Every structure is written in structure tokens, then in C-alpha cells.
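This report looks at side-chain packing.

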Amino acid sequence: MSWPHQDLSRRRTLTAATGLAAGALLPPTAAPGTVSPQGPALATTAAFTNPVIWQDFADTDVTRVGDTYYASASTMHYSPGAPALRSYDLVNWEVANHSVSVLDFGAKYDLNGARGYVPGIWASSLAYRPSNRTFCWLGQIDFTRTYVYTATAVEGPRSRLTTIGTPYYDAGLLVDTDDTLYVAYGNTTISVAQLSPDGRNQVRTQQVFTAPSSVGTLEGSRFYKVDGQYYIFLTRPKNGQYILKSSSGAWYYMAFVDAYPGGRMPALAPVTWAPDGRPVLQLVNGAWGTSYPSPAVPTPPRQVTPMIGVDTFDGTALKPRREWNHNLDNAKWSVDNGPTLRTATVTNDLYWARNTLTHRIQGPTPTATVQLDHTAMRDGDRAGLALLRDSSAWIGVKRDGGTTRLVMVNGLAMEGNWKTTDTGTEVASATLSGSRVWLRANADIRPGRGRPGAFSYSTDGTTFTRLGPAFSLGNDWRNFMGHSTDRTTQPTPHPPHKENYEPAETARLSPILSPGTAGRDRPGDTRDRDRRVRRRPGLHPGRPSGPVRTVLRNRRRRRPARRRHVHRHPGP
């Protein structure tokens, strides 16, 4: 087996090879409006800008079905997991659904006696099997076993096909031209498993490569067949390269770039092939380009649904771009032209609060606004809007001793083992009158340290007043997921009541559950309270002003950045 590689200088590695995720197939480039040999007219725009999605979608695995592209991504402890993204041009994406409806992998994902922060869905794989017209998602959980989910349509319904005793770490699933299923997986020692024809069991597995000590850790397998050759593309932590090829010969690289505090963002660039079979990423002055010519693709059948903008919560289901912090308690919420959240956890710790509804934060400088009707709040209750990660802060309403106040709480934190070290300190407050208040969070999530977040409020929805000091967004890589904006309601046991939210603009949103009665239920008190939430997020997206440059972060551990490596071998 050979493993050709392209030497990159350290500077170029740091600025250009950062966390590549997945390539994708494209039809041949042609002038706008012309007809390709494949038939449909091709549509282009002048250029696209990077990142193509300024949201946290990491470990992307991209596949093409007809003229449609699909991608999966890591979600860790958020539920539902493994979002299934869809695009018709590799530039504009929507969340079609999720491959894993619920994280039914143990009590910790229900925040039941334990917590699942950071474990959960890591680098997994999404593939399409033409023989039975089925989407197949495969991923290992908690280093114990591999789960396989299938669906005949990306929108679902999806179901668990099987579990396999071998945990396929950082797996890449290949549906071969003869319909055989292979999985490349491993860390430094790379293996390939063959699955049974129905995909339910492992038939055999063999080790195909061990990284030399001079190379170090390799992981993040992506498995492709190109011109009769099998390629396993591996990630050197902090770097990576995944590619797919179309019959026309037009290639693009879709990659994720570590860009904390916002997270890991997908970027896109053209790729060519060297005579020796190496993929060559098209750089601009040795780094990711801010923009490239847009792919020439058939005219999309429709516009994708934006990942940002107004959400009125119409209908009886949440939009697929919503996720919960851990699994929700299904008995404690409903949607009917606006979600109703009932008390699921009484706690003084945001990180233990169930039914926290989230939305990814949108770069580079998002604004999230919610309108809160606090008339039904009772003593001990809290409700508000937060920026959530392993370091967090929130703005909201506290009701104590018959008095309703507006507060800003700072300093919520978890340590490296994801145990809470600080439940936060109230650092500012204001008197509150009337029945409604508008809460707003602003953030700067451009890559770098010390990026600020800030909170403000309004009593008329027009004029906003700053509350509290700036909150410094954490950019440590170990939490993996980027910051989110969250809504919070923290209950105390009282007769049922509602807090009505009317959000206007959003980033990664979730209801933040604040402490009710210092984390304790009253003995024998089983009454619920409702929170009816109606959100109208309208994000302000942006693009980088220069080449995408980030401080590289190891996906599992810190290591010096090194050059990229690609495996190529004649067959599994």
C-alpha cells in the first residue's frame, strides 16, 4: 500500500490545511445557461465566499445523489443528532432533518444521574445505497459499539437498522460499485471492515495501515473509490482531507475550519489532481481563499430553506434546524403554532436543565432577540436568553419575594470533565415593569480569543439598554461544539403558568432553564408549569473579510500541526 503525500510548509499547514472535512462531486463547469452532455442547463453565480456556512458543522461527510448533495456532521450531546444537510450547489445549504432522532444511548443523554457533554455523535458517515434507495448513517457511540440508521428519504422516517459490536471510530462508509458495504475506521492503526449484504453485521475486518511513529496520530477516515482505486483519506489532528469525484472531472473540496468561539465552520475550494493521483487544494497565497468561482451546476429545483431568519413556530413540529441540549422530555413539551415547554427539571444549574431548545450561532456577529411575557412567573422562577457553552452567561427575569427583576448572570462554567464548577453570579440588575420585555444577545464569534458577548433589554422592542459587563466567549477546543444562544426558563413548583416568548433574532438558541428552588422539588409536588415559546429569529449573517485563518486545534488532543497524508491502495 502506498501513501503519497503533499509536503506543506508549517505556515501553509496552519493557514491552508485546517480541518478539511469532505469533498463532493460536481458536474462539468460550463457557461451559465448552456446545456451539458448530461442534459440540464447549468447555473452559476460569480463567486461564493468562505465559510460557506458560518455555523458549527464539523466532521462533515458529503455524498451526492443525482444533482443533490447531502452532508452529515457531528453534534456531540445535542439531540436529535447528526444533521442531514442538503444543497443543490455546495454553497447554499439547508437542514433537511437528522439521521438520529433521539440519543437513546444511555441515561446520561437524558441528563438522568449523569451528563453526556462532548461524548455522543462524533465523526460519523452518511452514504446512499442505490440498490435499495436508502440513506445509511453509521457512527460509533462512547467507544462501545456502532449504530446504523437508515431512511428511504433524507426527511425520514428513519429507524435503527442494527448495532455492531465493533466501535468503528471516526468511520467512513463506502458503498462500492458492486453494492458491497465497507467501513474504514481507526486511530493511527487503520482497518477496513466488510459488512453483510443487509448491513446488519460485520463479515470480516483487516488492518490496512499503521502510521509510522514519525507521522503520529491519524484518524477521521473517509473512504472513496476513484477510477477503480480505493482511497482512505485521513486527518492528522488539526488537518484533514476528504474528496469525492464526479464522472465529469469537476472537483471541489468541502472542509471544516476550527474557528472558535463559533465552532468549526464548513469552507469550500476547488481541487485538481496531480499526475501521481494526489488531490491538490487550490489555495490563494498559500491559504484558504475568501472567495472562489461558484460551481457550475444544474439550475436548482428550488431555493433551499435558509438556516437563519424568522421562525414563527408555525405548525405542529419544530423546524429541523432546532436541537435540544441532550434529549428532551417528550411529556413536557408540545408545538401548536408555538412551542409549549413544561417544567422538566428543577435545578439551579443550567447544565443540568432538560428541554433546553437550541439553534447554532451564526457568524460573524449575530444578534438574538426574544420577547418575553413574564406575567405568569412565580417566586423562584427565572426565564431568559443565554450564550451557552462550557462557559456561559444569560440575561433574564427573576421573580423572588413578589418582585420581578431583570438580571444578567455571568460566570457559569464546566471543567474539562464536564462537571459544573460555577452556576453563575448575578452581576447586574434592573427594575422591571409591565408584562413584556425584549431580551437581546449580541456576540462576536470571529476566530480568536476574548471575543465579546453582550446582553441588552427593551421595554418597547425598539430602544435597547445594555445590561451587565461584556461576556468573554470561550474558545477552548475541548468542548468541540461552538457557542449557542439559548433561552432559559428555570422553574419552581407552583401552579401551572406560562412564559410567552416572541423571539425576533437568533444565533444558537435554547431555552435556558434557570434555578427554581435551589435544585430541589417540594416533597410531593408533581405539578407542571407551561412555557409557551414563539420565536422569530432573524439572524444577521456575515462573511470573513480575509482568508479563513484559524489557530488549529486538535480534534482529540493537542499536537503540533504537520503535513497531510492520503492513503491509496488497490482494494480492501
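## Contacts of Leu85

Leu85 touches Ile53, Phe57, Tyr69, Tyr70, Ala71, Trp93, Glu94, Val95, Ala96 and Met307, leaving aside residues up to four places away in sequence. Contact means heavy atoms within 4.5 Å.

The model is predicted: local features need pLDDT of at least 70, side-chain atom pairs count only at pLDDT 80 or more, and totals for chains, interfaces and linings use all residues. Residues are numbered from 1 along each chain as its sequence is written, and side-chain values use heavy atoms, without hydrogens and water.

## Nonpolar cores

A nonpolar core is a set of buried Ala, Val, Leu, Ile, Met, Phe, Trp, Tyr and Cys residues joined through side-chain atoms within 4.5 Å. Buried means under 20% relative accessible area (1.4 Å probe, protein chains only).

The largest core has 32 residues; Ile53, Leu85, Trp93 and Leu268 touch the most other members. Elements giving two or more residues to this core include β5 (68-72), β17 (219-226) and β20 (264-273). Strands are DSSP runs (E, at least two residues), numbered from the N terminus. β19 gives the most, six residues. Another core, of 29 residues, lies apart, with Val370, Ala383, Ala428 and Leu473 among them.

## Aromatic rings

There are 18 aromatic pairs in the structure. Rings of Phe, Tyr and Trp (its six-membered ring) pair if their centres lie within 6.5 Å; planes over 60 degrees apart count as edge-to-face. Trp122 and Phe143 pair edge-to-face, at 5.3 Å centre to centre and 85° between the planes. Trp122 counts as buried, because its relative accessibility is 11%. Tyr224, Tyr231, Phe233, Trp251 and Trp273 form one aromatic cluster.

Notes
Phe/Tyr/Trp six-rings, centres within 6.5 Å; stacked < 30°, edge-to-face > 60°. Buried < 20%, exposed > 50% of the residue type's maximum accessible area, 1.4 Å probe, protein only. Helix = DSSP H or I, 4+ residues; strand = E, 2+ residues; numbered from the N terminus.
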